[in-house]
Amino acid sequence: MTTYELLERTINNKKASGTLTAVYIASTKKKMDVFLVADRLSEDEYNALLQLME
């Protein structure tokens, strides 16, 4: 499972259960920044995950 798939699944599960909080979003964005710099996420995947958290 890729980093993108794992994050996408986690975000969708949190949305479905109503536990997608501002604290989780801020924390996840910081982690995603690191993954983007380390080439674990592409820019398209990064942007798709940001849209998913809106």
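How many helices and strands make up the secondary structure of the protein chain? The chain comes to three helices and zero strands, where helices (H or I, at least four residues) and strands (E, at least two) are DSSP runs numbered from the N terminus. The model is predicted, so local features need pLDDT of at least 70 and side-chain atom pairs count only at pLDDT 80 or more, whereas totals for chains, interfaces and linings use all residues. Residues are numbered from 1 along each chain as its sequence is written, and side-chain values use heavy atoms, with hydrogens and water left out.

Along the sequence, the pattern is α-α-α. The C-alpha trace spans about 30 × 20 × 15 Å along its principal axes. Of the 54 residues, 22% count as buried, that is, under 20% relative accessible area with a 1.4 Å probe, protein chains only.

Helix α2 (residues 22-37) packs against helix α3 (residues 43-52) at an angle of about 170°, their axes being 10 Å apart. Axes are lines fitted to C-alpha atoms, for helices over the stretch in contact, and angles run from 0 to 180 degrees between N-to-C directions. The two helices, α2 and α3, are therefore roughly antiparallel (an angle over 145 degrees). In this packing, Lys-29, Met-32, Asp-33 and Leu-36 of α2 meet Glu-43, Tyr-46, Leu-49 and Leu-50 of α3.

Helix α1 (residues 3-17) contains Thr-3. At 12% relative accessibility, Thr-3 counts as buried. Apart from neighbours within four places in sequence, Thr-3 is in contact (heavy atoms within 4.5 Å) with Phe-35, Arg-40 and Leu-41.

Methods
Parallel < 35°, antiparallel > 145°, perpendicular 65-115°, else oblique. Buried < 20%, exposed > 50% of the residue type's maximum accessible area, 1.4 Å probe, protein only.
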